[in-house]
Amino acid sequence: MLTAVLPALLLCAGLLLLWAYVTGLSQALAGWKALDATVQWLRCGAFAVVVAFVSLLLTAAQPKLVELFAGTWPTPLGRAAARVWSAYHRARLRRWKRLSRTGSRHQQARARKALSTVYPSPDVPEEVLPTRFGNALRRSEQYARARYGIRPSSVWPRLQPMLTQQSLVDLAAARTNMILMLTLTVVACVFTVAALAALALSGRESLPTAVCAATGLVVGLAAHRAATPAAVLYGGHVEVAFDLHRRTLLGQLGIEPPDTLQDEIVLWERLAAFWDDGIPFDVPWSAG
């Protein structure tokens, strides 16, 4: 709930203070003191209800926020923008790949870090997404498929119950941090828009409102920038989970783990075909 309650509380408190300033702080404070104690408690309760409602909305929106920041933009304009930004990141991916071979020592180090954390495999440029955040997540999805022939969408729901308690704690902490950064970005953007609207419509001194808008913008940019390292950390935990626990899942399924990596790749591809496409094990089958 931290990923929703804290941003909801910050947003509601910020909007309340912004409204108090626009209407006049002294007037708002005098009006509050003039209220009966019961009415004051009722208004505090109403504020708590609003915070709870906003936090529920943010919680429900979290899966869509991940898709949005990953670059899933379903409108025609969004799809056009996604094509442009995907082409931009494919160009950056080619540049990093080139620098990893021909650049200076410092450039090679930066390129290898980018290729090993933020960007998906250069061998499949068509899978590059329009955002750094989305590419960091895409890389963790590619890892299991490239190493072991595993389809994460098929195997991950079955693998999670196999994880140790410590792995689950680490994974949950990394995901919480990632979602919190996305939610703070959205909340800061909403507050910035509200502050700009107050700046345009209010006849009061503009400097405090402009400071509020600038603060919201800085917080939003900082949270958005921090979301990508958080996604890299979360993806790293997912990769480790596949490395350490995939054979445990095979044991729970009653399947003897293969002796060679190539045989294991074929096995995982057959399992994915069984789970996703309903192809039984006892029929002729070939990879691809």
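Me: Why is Tyr88 called partly exposed in this predicted model?
Reply: The relative accessible area of Tyr88 is 38%, and because buried requires under 20% while exposed requires over 50%, Tyr88 falls in between and is partly exposed.

Me: How many aromatic pairs does a search of the whole structure find, and why is the pair of Trp85 and Tyr88 called edge-to-face?
Reply: The search finds two aromatic pairs. The ring centres of Trp85 and Tyr88 are 5.4 Å apart, which meets the requirement of lying within 6.5 Å, and because their planes stand at 85 degrees, where over 60 counts as edge-to-face, the pair receives that name.

Me: How do you know that Trp85 and Tyr88 are separated by about one helical turn?
Reply: Both residues belong to helix α4, which covers residues 76-102, and they are three residues apart in that helix, so about one helical turn separates them.

Me: What makes the pair of Trp156 and Phe242 tilted?
Reply: The planes of Trp156 and Phe242 are 50 degrees apart, with 5.6 Å from centre to centre; because stacked needs under 30 degrees and edge-to-face over 60, this angle leaves the pair as tilted. Trp156 lies in helix α7 (residues 152-159) and Phe242 in helix α9 (residues 206-252), so the pair ties together parts that are 86 residues apart in sequence. Both Trp156 and Phe242 are buried.

Me: How do you know that Arg158 lies over the face of Trp275?
Reply: Arg158 is 4.1 Å from the ring centre of Trp275, which is within the 6 Å limit, and a position over the face also calls for an angle within 35 degrees of the ring normal. Arg158, which is found in helix α7, touches Leu249 and Trp275, not counting residues up to four places away in sequence.

Me: How do you know that the buried residues of α5 are on the same side of the helix?
Reply: The buried residues of α5 are Gln108, Ala111, Ala114 and Leu115. They cover an arc of only 130 degrees around the axis, which puts them on the same side of α5. These buried residues pack against α4 and α6 (132-148), whereas Arg105, His106 and Lys113 are exposed on the other side of α5.

Me: What makes the end-to-end distance of helix α5 agree with its number of residues?
Reply: Helix α5 (residues 105-117) has 13 residues, which at 1.5 Å a residue should span 18 Å, and because its end C-alpha atoms are 18 Å apart, the two values agree.

Conventions
Residues are numbered from 1 along each chain as its sequence is written. This is a predicted model: local features need pLDDT of at least 70, side-chain atom pairs count only at pLDDT 80 or more; totals for chains, interfaces and linings use all residues. Side-chain values use heavy atoms; hydrogens and water are left out. Rings of Phe, Tyr and Trp (its six-membered ring) pair if their centres lie within 6.5 Å; planes under 30 degrees apart count as stacked, over 60 as edge-to-face and the rest as tilted. Helices (H or I, at least four residues) and strands (E, at least two) are DSSP runs, numbered from the N terminus. Buried means under 20% relative accessible area, exposed over 50%, partly exposed in between (1.4 Å probe, protein chains only). The expected span of a helix is 1.5 Å times one less than its number of residues. The arc is that of the directions from the helix axis to the C-beta atoms. Contact means heavy atoms within 4.5 Å.
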